[in-house]
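Hi,

Here is the structure I promised to pass on. Have a look at it first, then read my notes below.

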Amino acid sequence: MQQVFPDIKGRFGDFGGKYVPETLMGPLQELEEALDEAMSDQAFLDQYHHVLKEYAGRPTSLSYADKLSKQLGGAKIYLKREDLNHTGAHKLNNAIGQGLLAKRMGKKKIIAETGAGQHGVASATVAAKFGLECKVFMGEEDIRRQELNVFRMKLLGAEVISVSSGNGTLKDATNEAIRYWVANCEDHFYLIGSVVGPHPYPRMVRDFQRVIGDESKKQFLEVESELPDRIYACVGGGSNAMGMFYPFLQDPCELIGVEAAGKGIDTPEHAATLTKGTPGVIHGSMTYLMQDVNGQITEPYSISAGLDYPGIGPEHAHLFQTKQVRYESITDKEALSALQLLTEQEGIIPAIETAHALAQAFKEAAEMTPEQTILINLSGRGDKDMATLMEHFQEEE
Amino acid sequence: MLTQTSFQGKLTKTEDLFIPFVVAGDPTPELTIQFALRLQKAGADILELGVPYSDPLADGPTIQRAAQRALQQNMSLTKAIELVPKLREAGVEIPVVIFTYYNPVIQMGYDRFFEMLEENGAEGVLIPDLPYEESEEIRGLAEEKGVEFISLVAPNSDTRIKQIAEHAKGFLYCVSTLGVTGGSNQMSAETLSFIKKVKEHSQVPVAVGFGVSTNEDVQLVREHSDGVIIGSKIIRLIEGELEAFENGQEEEALERFYQEIHQLVK
């Protein structure tokens with residue numbers, strides 16, 4: 001019989017759990033009870049799917065990248081278009097689920113951490129839609145890199161709190177959001193944006209993102225009559241990948257998660273957590289992370305703010321250890337070339353995060369046969385990255 | 001009835017405890033020893049020796065800053081434990097509790113960790129991000145090795161208070177308010193009834209921390225519990241003397257530090 005993960009202690013094999021200060025144990029317990037109750041209430045699930053359809057615009061399309069497939073001369077490439085989801089990325093699926101749960105729990109205020117700003121925007125969006133107060137914690141370096149999303153969040157009525165500790169990126173924003181939650185847990189709901197953090201967050205976020213994989217499977221069978229040979233998704237914390245992979249775990253498809261290799265995995269500047277990291281605890285969860293010999297967490301690097309995270313969701317750590325998913329890494333440079341190629345061939349500008357999955361898929365597609373098929377989760381659109389791209393491509397000229 | 005002796009027989013008091021917290025290596029390992037001596041002189045019964053961590057989730061900005069200063073001195077879990085015999089040599093006799101986040105312990109490994117505690121003579125350990133449910137194995141090991149594994153309990157621990165309190169060793173760390181360290185503190189009726197509940201179930205002294213920063217706070221905590229834990233306030237006093245240390249006025253600064261602590265806990 002297939003084992004169900006996470007188990008009752010919130011573990012995915014050796015990973016997961018709850019490694020948090022005592023003051024958070026109560027709120028996590030409260031959350032878990034409310035979540036279990038909601039997920040077994042058909043009315044709640046119907047409401048979630050209704051909002052996804054009527055407000056977010058789901059299901060998102062499955063597009064066949066005909067020109068690109070032809071040019072690469074290998075496998076047929078399909079794209080799951082999460083970029084067409086309202087707010088421009090997969091992040092909203094989870095924010096809607098948790099936003100509805102917050103309302104159901106009677107919490108009027110939400111807090112969120114954000115890296116690229118996509119989760120911050122998604123949280124600010126559901127806060128506006130559901131009538132909640134919203135604070136978004138964001139590292140000061142990310143605020144600089146993602147100016148446009150900062151403005152979007154403010155326009156949506158959220159308060160953006162700049163975090164200057166550490167490198168001023170996602171890790172530090174998450175620390176600060178957790179600290180704020182510890183002090184204000186009675187009336188605040190912490191809306192985590194990825195499959196990270198203490199139990200039950202990794203499970204909850206996966207379950208609110210699995211709609212990506214569920215839809216993809218149905219859509220793929222409609223056009224190809226069989227499942228894709230390989231499925232690709234980029235992995236920072238890993239929510240778009242978990243959402244895409246989870247419904248396919250028992251199928252004969254090969255699943256490939258793509259991490260950020262930054263300036264190269266042989267340099268200190270990367271965010272390839274599984275490729276180069278070791279097991280330990282980060283943000284309340286046992287998983288793989290980037291750390292030094294003394295167990296101090298080290299600073300990652302990636303051109304993409306959304307992948308610039310030294311940990312990874314505990315379920316990915318488990319899938320890595322059990323070899324159910326293959327994990328690869330892609331450099332800044334490779335990602336940017338893939339971004340350009342997709343833009344020119346298919347008229348779709350992807351997020352830089354997504355471009356990591358594209359780059360790995362394009363490499364492999366060329367060596368596959370035209371009878372084979374691949375599916376790439378196009379997790380978000382690139383509008384938010386224009387400033388970074390302009391800076392980069394101008395430097396190149 | 002409270003347990004009469006613990007910490008390998010070194011703690012014989014069960015009430016009116018003063019438990020200060022310092023970060024090892026803030027601003028230097030040598031000065032940590034000097035602070036410990038002054039704290040002992042001011043009546044400290046147990047020393048919490050903090051190990052600096054890159055991502056201290058339970059700590060506010062004050063202790064985060066102290067951790068950053070100590071990390072700049074290359075302080076680590078290994079070096080913090082190795083500081084214990086140096087504290088002894090200098091004359092610190094009170095029990096020492098190693099206060100560390102969990103990840104450095106994982107990297108060291110439980111075997112090596114307990115071996116080091118034994119070799120260096122540390123009597124206790126506190127891991128703020130290892131709650132009761134995740135700590136069964138290490139609690140067992142600590143008991144076997146004669147090391148006190150200090151547990152924390154919070155007002156919202158709720159139904160878990162009884163379980164945590166009944167299994168507590170050494171002393172029980174009562175988090176008086178929700179929040180990170182260094183916050184403000186008021187003893188509400190709720191807090192008082194929480195402390196009372198904890199005391200009902202605990203076999204060890206119940207000490208209160210988080211937000212204790214004035215002599216009034218200390219008096220209040222003393223009245224209602226078995227001990228007072230002071231962390232951020234001590235760090236702020238140390239911070240106030242950083243310039244003096246840099247200017248070579250070490251003796252004067254240490255004397256001022258002692259006087260401040262003395263006034264705080266008198």
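How much area is buried between chain A and chain B? About 2700 Å², of which carbon and sulfur atoms give 52%; buried area here is the accessible area (1.4 Å probe) that two parts lose on being put together, summed over both. On the chain A side, Glu22(A), Arg179(A) and Gln296(A) lose the most area to chain B, together 26% of what that side buries.

Before going on: this is a predicted model, where local features need pLDDT of at least 70, side-chain atom pairs count only at pLDDT 80 or more, and totals for chains, interfaces and linings use all residues. Residues are numbered from 1 along each chain as its sequence is written, chains are lettered from A and ligands numbered from 1 in the order in which they are written, and side-chain values use heavy atoms, with hydrogens and water left out.

Back to the two chains: 35 residues of chain A are in contact (heavy atoms within 4.5 Å) with 33 residues of chain B. There are 3 salt bridges between them, meaning a side-chain nitrogen of Lys or Arg within 4 Å of a carboxyl oxygen of Asp or Glu. Asp55(B) and Lys171(A) form a salt bridge through their side chains, at 2.8 Å from N to O.

Now zoom in on Val153(B). Is this residue buried or exposed? Val153(B) is buried, because its relative accessible area is 0% (buried means under 20%, exposed over 50%, partly exposed in between, with a 1.4 Å probe and protein chains only). Val153(B) touches several residues, including Glu22(A), Phe194(B) and Val198(B).

Cheers

Definitions and conventions: Lists of a residue's contacts leave out its neighbours within four places in sequence.
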